[in-house]
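Keep the model open beside you as you read.

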Amino acid sequence: MKKRAPGTGSNRNIRGMAYVVTALFVCMLAGFGYFLQVESKTVINNSYNARLDSFSDRIVRGEIRSSDGTVLARTDIAEDGTETRVYPYGSLFAHVVGYSDHGKTGLESLANFYLLSSNGNLLERTLNELADVKNIGDNVVTTLDVELQQIASDSLGDRKGAVVAMEPDTGKILAMVSRPGYDPNTLGEDWDSLISGDNTEAQLLNRATQGVYPPGSTFKIVTALEYIREHADDWQDFVFECDGSFEYEAYSISCYHGNAHGRQTLKAAFANSCNGAFAQIGLGLDLEGMRELTSSLLFNADLPLALAYSKSSFAMGDGATEWERLQTAIGQGSTQMTPIHNCMITSAIANGGVLMKPYLVDRVETAAGEEVEKFLPSSGGTLMTSFEAEILSGLMRGVVTEGTGSAVRTDAYSVAGKTGSAEFETGKETHAWFTGFAPAEDPQIAVTVIVEEGGSGGQTAAPVARAVFDAWFARER
């Protein structure tokens, strides 16, 4: 029998332990490196990190700019050294740019770390620190378009609601308007009245990302997609005879203003926003399939969005009654949706089924204009197949050419869209929706509009979107 050399077993154990310790050390270094490169700025910029604001003791807060360099927020310094945050456009960009007094919101919060960092000339920064002079913070250049923002705001006017515009193939947010608004320049003096319990206007609420509404007939995009999935081979054979209402047992669903649409294929029913046809479709849909679809479309889920937002909700469960099915299929019932989420689904359709993560910060520059960091488009996941997106695009094109979206019909460019009129309270006018993209065959821009108590989506919300589309395509490209 072969004898083992003295200490051989112990040496092997020591070597094994050394390998384990070395591996753990390498993993720790890798984790630390990942944190420094990927996670550190997120942690530092967390709203709960009170130490970040101490950067303002040695750095003058940088500027927030539009995509063309126009200043949207800056810091003015008085002779006595007093710093005042100034917003040249007043309420126009209030919700998306945000404010930095009474806490921080919007881009003022999202880009706080960059605005309170200074990456200018090292020698100059060192001399300033030695002389106890504040350095100038970096500037944040956004994806926002001043002209589109102004036109969206002007078209919405004094009505309550929101407008969102974004590039489907990049995720760049081009415009984000919420009304009613507030003036961030006078936030301090207006604060008490803005947060008063007697104030029912909710001016501080960003309706584009935080406002939740019944989606109305814009939800028929979702209902149609589920029907197409369940009837992949024969969805084009669908036929419904519309006499202005749909009767099922003790329940009745009326088309808008009781319009009788006659013989409806799925394409025609979608174009005419026929409630009766979609109520019938809703009764036959698989509930589990609808839950899976809405989940994949980010209902009841976190959105890939850095701004503060509310979740959209889809609550129809296994025990749903026929009335819930009927209501849900036409975008009523307990379903709730935010304008930004509606725009994201629309953008995914325009982009062949792929959702690009919406983003607002294009790049960070020093005060001298040198690029510090560039942000690139990234995918937020595939929401549907390219074939499904193509079918939905065709249905949405029919809304404009033959149906309720005629207000955005033009020879200058092609539009695909969906209108909606959402009931929300008995005795009040419906909310008006429009969501769509253009050109239909090669999408460049997606726009979603909601006008609270605006009535018909085709008559009220669609013209707002048309104004944004017109401005976009009036430019030489």
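**A guided tour of the fold**

Ala 202 sits in the loop between helix 7 and helix 8 (207-210). The model is a predicted one, and in it the phi of Ala 202 is near 55°, a positive value in a residue other than glycine. Most residues other than glycine have a negative phi, and most peptide bonds are trans. With 32% relative accessibility, Ala 202 counts as partly exposed.

Leu 298 also deserves a look. Its phi is near 80°, again positive in a residue other than glycine. You will find Leu 298 in the loop between helix 12 (287-296) and helix 13. At 15% relative accessibility, Leu 298 counts as buried. Which residues does Leu 298 contact, once its neighbours within four places in sequence are left aside? They are Leu 303, Pro 304, His 341, Met 344 and Leu 355. Phe 314 is 16 residues from Leu 298 in sequence, and their C-alpha atoms are 9.7 Å apart in space.

The backbone has two cis peptide bonds to visit next. One joins Arg 179 and Pro 180, with omega at about 5°; Pro 180 belongs to the loop between strand 8 (173-179) and helix 7 (187-194). Another runs from Ala 438 to Pro 439, where omega is near -15°. Pro 439 is in the loop between strand 18 (431-438) and strand 19 (445-451).

Now step back to the chain as a whole. It has 16 helices and 19 strands, and its C-alpha atoms fill a box of roughly 95 × 85 × 50 Å along the principal axes. Of its 477 residues, 48% count as buried. The chain exposes about 22100 Å², and carbon and sulfur atoms supply 50% of that area. Among contacts between residues at least 6 apart in sequence, 67% join residues at least 24 apart.

From here, move to helix 11. Why is helix 11 (residues 275-284) described as largely enclosed by the rest of the structure? The reason is that 7 of its 10 residues are buried. Those buried residues are Asn 275, Gly 276, Ala 277, Phe 278, Ala 279, Ile 281 and Gly 282. Their cover includes helix 9 (220-230), strand 9 (240-242), strand 10 (245-248), strand 11, helix 10 (266-272) and helix 13.

Cysteines come next. How many disulfides does the model contain? The count comes to 0. Cys 242 is in no disulfide, and the nearest cysteine sulfur, that of Cys 274, is 3.6 Å away. A disulfide needs the two sulfur atoms within 2.5 Å, so the 3.6 Å between the sulfurs of Cys 274 and Cys 242 is too far for a bond. Cys 242 counts as buried at 6% relative accessibility, and Cys 274 counts as buried at 0%.

Our last stop is the second largest pocket. Rolling a probe the size of a water molecule over the atoms shows where empty space is left. About 530 Å³ of space lies in the second largest pocket. The elements that give two or more residues to its lining are strand 11 (251-254), helix 13 (322-329), strand 17 (416-422) and helix 16 (457-473). In total, 27 residues line this pocket, and Cys 255, Tyr 256, His 257, Asn 275 and Ser 421 lie nearest its centre. Asn 275 is also one of the buried residues of helix 11.

Key: Residues are numbered from 1 along each chain as its sequence is written. This is a predicted model: local features need pLDDT of at least 70, side-chain atom pairs count only at pLDDT 80 or more; totals for chains, interfaces and linings use all residues. Side-chain values use heavy atoms; hydrogens and water are left out. On a 1 Å grid over the protein atoms alone, a cavity is a set of points where a 1.4 Å probe fits but cannot get out, and a pocket is an open set with protein on both sides within 12 Å along at least five of seven lines; lining residues have an atom within 4 Å of a point. Grid points are joined across faces, edges and corners, and a volume is the space filled by probe spheres set on the points. Helices (H or I, at least four residues) and strands (E, at least two) are DSSP runs, numbered from the N terminus. Buried means under 20% relative accessible area, exposed over 50%, partly exposed in between (1.4 Å probe, protein chains only). Contact means heavy atoms within 4.5 Å. Accessible areas come from the Shrake-Rupley method with a 1.4 Å probe; for residues, only the protein chains shown count as cover.
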